[in-house]
Amino acid sequence: MNVFDVTREFQGGFGASRPSTRFLTVHHADANYPQVFGIDDVRAIARYHVQSRGWAGIGYHEVLAEQTPGGPIACYIVSSPLSVRAHVWGRNHEAWGITMAADMTKGIPPQKWVDALALRLVEAKKRWPSSVIMGHRDIALKGHETTCPGEKWAAWKPALIAQVNHVLAVSPP
């Protein structure tokens, strides 16, 4: 998987450092923007967060996006992993966030998305071993409920976590 550090473009006005990381939070973009590909997906999500939400920049730490239509998934690191972003209301001080630049609203993600997500979660678990992988919906506070990362999250979450745990077991930090 290609990994691109694009923090210079997307750090935005987020400056605070997260004191601890309890949650590795999985999101999906929910098609609130016209899907393009690669870095343009990241820019589209950032525009949506800034223009529609009024945030200081893109709300996540990492964005996964297809590099070309139907092509491989790449990871775009959009901020310092220790920064406080804007991806789970009231929990950003304890949560790291990654999103898939795809709409997983009604279905289980294709395996290439799960594989890419698992690889990045492995890296995050190496950094924060005691953190717990959760979907946005799992840690949303009352009044801020969501279906993110999709209605079928409960169906594919166990396989994702098993994949992460397997990789960590065969290649420890």
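Thanks for coming, everyone. Some ground rules: because this is a predicted model, local features need pLDDT of at least 70, side-chain atom pairs count only at pLDDT 80 or more, and totals for chains, interfaces and linings use all residues. Residues are numbered from 1 along each chain as its sequence is written, and side-chain values use heavy atoms, with hydrogens and water left out.

Let's start with the sheet. Six strands make up an open sheet with mixed pairing, and the order is β1-β4-β3-β5-β2-β6. Helices (H or I, at least four residues) and strands (E, at least two) are DSSP runs, numbered from the N terminus. Two strands pair if DSSP finds at least two bridges between them. In general, strands of a sheet pair through backbone hydrogen bonds, either parallel or antiparallel.

Here, the edges are β1, at 3-5, and β6, at 132-135, each pairing on one side only. On average, neighbouring strands are turned by 25 degrees against each other, direction ignored. For angles, axes are lines fitted to C-alpha atoms, for helices over the stretch in contact, and values run from 0 to 180 degrees between N-to-C directions.

Now let's walk through some of the pairs. Strand β3, residues 62-66, runs parallel to β5 with three bridges between them, and Glu62 sits opposite Ile98 of β5. On to β2, which is parallel to β5 and joined to it by six bridges; there, Thr25 has Gly97 as its bridge partner. β2, residues 23-28, also pairs with β6 in the parallel sense, over four bridges, with Phe23 opposite Val132.

What packs on this sheet, touching β2, β5 and β6? That is helix α5, residues 153-170, whose direction makes about 155 degrees with that of β6. Contact here means heavy atoms within 4.5 Å.

Is β5 mostly covered or mostly open? Mostly covered: six of its six residues are buried. Buried means under 20% relative accessible area, exposed over 50%, and partly exposed in between, using a 1.4 Å probe and protein chains only. Ala95, Gly97 and Thr99 are buried on one face of β5, and Trp96, Ile98 and Met100 on the other.

That takes us to the cores. A nonpolar core is a set of buried Ala, Val, Leu, Ile, Met, Phe, Trp, Tyr and Cys residues joined through side-chain atoms within 4.5 Å. The largest one has 26 residues, and Val26, Leu64, Leu117, Leu121 and Leu160 have the most contacts inside it. β2, β4 (73-77), β5, α3 (111-127) and α5 each give two or more residues to this core, and α3 gives the most, with eight. Take Leu121: leaving aside neighbours within four places in sequence, Leu121 touches Leu24, Val26, Trp96, Ile98, Ile133, Leu160 and Val164. Apart from this core lies another, of 14 residues, including Val6, Ala74, Val78 and Ala101. As a general point, nonpolar side chains in soluble globular proteins tend to be buried together.

Last topic: charges. The whole structure has eight salt bridges, a salt bridge being a side-chain nitrogen of Lys or Arg within 4 Å of a carboxyl oxygen of Asp or Glu. One of them joins Arg22 and Glu94 at 2.9 Å, N to O. These two are 72 residues apart, with Arg22 in the loop between α1 (7-10) and β2 and Glu94 in the loop between β4 and β5. Arg22 is partly exposed at 44%, whereas Glu94 is buried at 7%.

In helix α2, residues 39-52, Arg43 and Asp40 are three residues apart, about one turn, and their salt bridge has its closest N and O atoms 3.1 Å apart. Salt bridges with shared partners tie Glu9, Asp40 and Arg43 into one network.

That's my tour; happy to chat!
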